[in-house]
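Here's a quick walk through how the inside of this model is put together. Have the structure open and follow along.

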Amino acid sequence: NSWEREHDDKFETLQTIVESCPRGPVFEFHKYLMRMKDEESGDFICLCAALLSVQCLDHVAMKACEKLRSEIPGGFCVASVAKSSPEQIEPMINSCNYYKGKAKKIHSCACALERRHKGKVPRSQPLLLELE
């Protein structure tokens, strides 16, 4: 149907991110990602949520992602995160384990997306894994 064709590319990106997560898909986290995928910057939100979920309880990662979405200056998008610093991101995600490293990773991914992919999240796993 037309809805499926319209959303196939976003679903592929989401599937790639979920499958790349070393902990595997978890129902509540998956539902959260499915809600985010259709938002503006949804692919980037899903990527950040997946990064936050590593070695962290899913509900903690989801709350941290929501805090990041609501507090990042300029709105939660690749450009705004790239313009910020890891130190600005840290207090927004400090409920997550390894938040300092995750802040650096989220920031470096945003910068790499800006430089190499015109601010868009790549659709293939090899390109996702190349993000800094």
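In this predicted model, start at F76: leaving aside residues up to four places away in sequence, F76 touches S41, F44, I45, C48, C65, L68, R69 and V81. F76 is also one of the residues with the most contacts inside the largest nonpolar core, alongside F44, I93 and I106. That core has 37 residues. As background, nonpolar side chains in soluble globular proteins tend to be buried together.

So what does α3 itself look like? The helix is mostly covered, with 12 of its 12 residues buried. Among them are F44, I45 and C48, which also turn up in the list of residues touched by F76. End to end, α3 reaches 16 Å from its first C-alpha to its last, close to the 16 Å expected at 1.5 Å a residue. Just past the helix, Q55 takes a positive phi of about 55°.

Now over to α6, residues 86–93, where P86, I89, E90, M92 and I93 are buried. Which helices do those buried residues pack against? Here are the partners, with their residue ranges:

| Helix packed against by α6 | Residues |
|---|---|
| α3 | 42–53 |
| α4 | 58–71 |
| α5 | 78–83 |
| α7 | 99–117 |

I93 ties the two views together: I93 is one of the buried residues of α6, and I93 is also among those with the most contacts inside the core.

Notes
Residues are numbered from 1 along each chain as its sequence is written. This is a predicted model: local features need pLDDT of at least 70, side-chain atom pairs count only at pLDDT 80 or more; totals for chains, interfaces and linings use all residues. Side-chain values use heavy atoms; hydrogens and water are left out. Buried means under 20% relative accessible area, exposed over 50%, partly exposed in between (1.4 Å probe, protein chains only). Helices (H or I, at least four residues) and strands (E, at least two) are DSSP runs, numbered from the N terminus. Contact means heavy atoms within 4.5 Å. A nonpolar core is a set of buried Ala, Val, Leu, Ile, Met, Phe, Trp, Tyr and Cys residues joined through side-chain atoms within 4.5 Å. The expected span of a helix is 1.5 Å times one less than its number of residues.
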